[in-house]
Amino acid sequence: MEMDFTNYQDSSFDEYQKIYNSLATRTFAKLNKKENYYLSVILVDDDFIHRINKEYRHIDNSTDVISFAFLDDDEGLNNNEIIDLGEIIISTDHAKKQAEEYKHTLKREMSFLFVHGLLHLLGYDHQNIEEEKKMFSLQEEILGGRNDGQI
């Protein structure tokens with residue numbers, strides 16, 4: 001398992017590299033996938049993610065997380081080659097607002113956004129109610145169903 005972690009925010013977010021490695025391991029175990037992957041995680045502010053959202057998704061506002069998947073399917077995720085899954089870009093500004101709004105910790109919100117982004121890289125989506133239920137249920141299982149920041 002390889003993860004490139006880039007933190008464009010303050011050093012208080014450096015701890016998430018270890019948390020995200022642990023959550024990635026948990027996600028792959030839950031999905032019975034080998035840990036033969038590489039991915040990039042980038043922590044940014046709202047201005048940065050706004051520009052990315054506008055340029056690549058043609059949506060002129062900021063968002064909490066954007067995933068750029070490099071795979072069309074999960075073929076190869078179960079062989080021994082290192083697979084580049086893609087990039088997860090997380091807005092720490094959005095995460096802070098949402099943690100306050102949902103009345104849980106920043107750690108819990110940052111973890112949720114990472115798992116959400118990782119599942120997108122692995123082919124999960126929420127374009128309809130059935131997909132959304134499946135994806136969000138899986139997210140909660142991976143996070144342990146906890147809302148107290150103890151991931």
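This is a predicted model: local features need pLDDT of at least 70, side-chain atom pairs count only at pLDDT 80 or more; totals for chains, interfaces and linings use all residues.
Student: Is β2 mostly covered or mostly open?

Tutor: Strand β2 is mostly covered, since seven of its eight residues are buried.

Student: What handedness does the β-α-β unit of β1, α1 and β2 have?

Tutor: The unit that β1, helix α1 (residues 16–30) and β2 make is left-handed.

Student: Turning to α2, which of its residues are buried, and why do they lie on the same side?

Tutor: The general idea is that an α-helix has 3.6 residues a turn, so residues three or four places apart point the same way. In α2, residues 46–57, the buried residues are D46, I49, I52 and N53. They lie on the same side of α2 because they cover an arc of only 125 degrees around the axis. On the other side of α2, by contrast, D47, R51 and E55 are exposed.

Student: What do the buried residues of α2 pack against?

Tutor: They pack against strands β2, β3 (65–69) and β4 (83–91), and also against helix α3 (92–102).

Student: What is found at the two ends of α2?

Tutor: At its start, a side-chain oxygen of D45 comes to within 3.3 Å of the backbone nitrogen of D47, while α2 is followed by H58, whose phi is positive, near 60 degrees.

Methods. Residues are numbered from 1 along each chain as its sequence is written. Side-chain values use heavy atoms; hydrogens and water are left out. Buried means under 20% relative accessible area, exposed over 50%, partly exposed in between (1.4 Å probe, protein chains only). Helices (H or I, at least four residues) and strands (E, at least two) are DSSP runs, numbered from the N terminus. The arc is that of the directions from the helix axis to the C-beta atoms. Contact means heavy atoms within 4.5 Å. A polar contact is a pair of N or O atoms within 3.5 Å; within protein, one must be able to donate a hydrogen and the other to accept it, and residues adjacent in sequence count only if both atoms are side-chain atoms. A crossover is right-handed if, with the strands pointing away from the viewer, the path from the first strand over the helix to the second runs clockwise.
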